[in-house]
Amino acid sequence: MSRAVVALGANLGDRGNTLRAAAAAIVALPGVRPVASSREVESVAVTLDGPDTTKPRYRNAVVVVDTDLEPQELLDALHGIEDTHGRTREVRWGDRTLDLDLVAYDDLSLDTVTLTVPHPRAGERAFVLAPWHDADPDAVLPGVGPVADLLERVGDDTERVDEPRLFDEPTRASRPETSDS
């Protein structure tokens, strides 16, 4: 199995319920097992022109999963979950009912027409780093460095939402598995 990190975001509709439903759908995918999840955070919308306080605020979270799916298969499944939640792709970095990004997949470095991992901007975004650090305090963005250090460098401008983690964690993210059960 491989370890994957998925960032979730939404700024339209019932953001919190959408994130929780999406997390449940991710861990219900065949060949995917839950490892850890973050609490939700809120952040200012980021557009092509930069932060935009006139747009609805985002709710963001991260889930860490183990998966038998290859990176592109996992991304395709994530896009299916987005579609189920009414995601449209009309405006790049526009408002969204749901956005699911494959942030990291093991230590893999991959750059194709449809997928780049690690996510090229993950190390610059507190709305990815803060929930990832919450889900896995020992996380490392492959090829870049420890998530805690990256978050300290960019500064945490997110606000924690008073909700439980997206799912109950069967294990901690950085602890190696000891059996195949």
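In the predicted model, D106 is found in the loop that runs between β7 (99–105) and β8 (110–111). The backbone of D106 has a phi near 50°, a positive value in a residue other than glycine. With a relative accessibility of 35%, D106 counts as partly exposed, because that class covers the range between the limit for buried residues, under 20%, and the limit for exposed residues, over 50%.

A further backbone feature occurs at V117 and P118, which are joined by a cis peptide bond with an omega of about -5°. Of this pair, P118 is placed in the loop between β9 (116–117) and α3.

Helix α4 comprises residues 147–154, and its buried residues are V147, L150 and L151. When α4 is viewed down its axis, these buried residues fall within an arc of 100°, and they therefore line one face of the helix. The spacing involved follows from helical geometry in general: an α-helix has 3.6 residues a turn, so residues three or four places apart point the same way. On the other side of α4, by contrast, E152 and R153 are exposed. Just after α4, the chain reaches G155, which takes a positive phi of about 85°.

Notes:
Residues are numbered from 1 along each chain as its sequence is written. This is a predicted model: local features need pLDDT of at least 70, side-chain atom pairs count only at pLDDT 80 or more; totals for chains, interfaces and linings use all residues. Side-chain values use heavy atoms; hydrogens and water are left out. Buried means under 20% relative accessible area, exposed over 50%, partly exposed in between (1.4 Å probe, protein chains only). Helices (H or I, at least four residues) and strands (E, at least two) are DSSP runs, numbered from the N terminus. The arc is that of the directions from the helix axis to the C-beta atoms.
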